[in-house]
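Student: I would like to work through this model step by step. Please show me the sequence and the structure.

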Amino acid sequence: GMDNIDYKILKILQKNARETASNISKEIHLSVSAVIERIRKLEESRIIREYTIIVDEKKTGNDMIALMEVSLEHPRYFDHFAEAISDMDTIVSCYYQTGDFDLLLKIACRSSDELEQIHREIMSLEGVSDTRTHVVLKSVKNIYSAIRKPEKKEG
């Protein structure tokens, strides 16, 4: 399992995935070889699945972010839907969720016209029964995924 040192290493790599082992070692007072070994173990155990970059969508010309909820008529349409949207570059992420809507899509696009076009495309997919779209006014907090400290074991 993970301990506090692993947790600290993850936090550092989350801020900057390219941080050097020697900088990490200085920050957490551990030898460079120990840091490298721990990172290797975190990768092996798939706690670190991949290194990614977080893009500022506005700087890439995608001025509009929207969240679109999608309802499917029946779960059997799920695979077809997932495959159809996997090719759409404007869909940044897709979550299968509980509640009134089955899926939540995050969309990055250039304009309301483009959003309308994406909406039409999604509505035309087989099995889609309903959608609800929210335009994001401002990103208040955006972190790829939260890393929480391991729980203290009682006893």
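Student: Leaving aside its neighbours within four places in sequence, which residues is Ser93 in contact with?

Tutor: This is a predicted model, in which local features need pLDDT of at least 70, side-chain atom pairs count only at pLDDT 80 or more, and totals for chains, interfaces and linings use all residues. Residues are numbered from 1 along each chain as its sequence is written, and side-chain values use heavy atoms, with hydrogens and water left out. Contact means heavy atoms within 4.5 Å. With neighbours within four places in sequence set aside, Ser93 touches Leu104, Leu105 and Lys106.

Student: Is Ser93 buried or exposed?

Tutor: Buried means under 20% relative accessible area, exposed over 50%, and partly exposed in between (1.4 Å probe, protein chains only). The relative accessible area of Ser93 is 19%, so Ser93 is buried.

Student: Which residues of α5 are buried?

Tutor: Helices are DSSP runs of H or I with at least four residues, and strands are runs of E with at least two, numbered from the N terminus. Seen down the axis of α5, the buried residues fall within an arc of 100° (taken from the directions from the helix axis to the C-beta atoms), so they line one face. The face turned away from them carries the exposed Asp113 and Arg120. The buried residues are Glu114, Leu115, Ile118 and Ile122.
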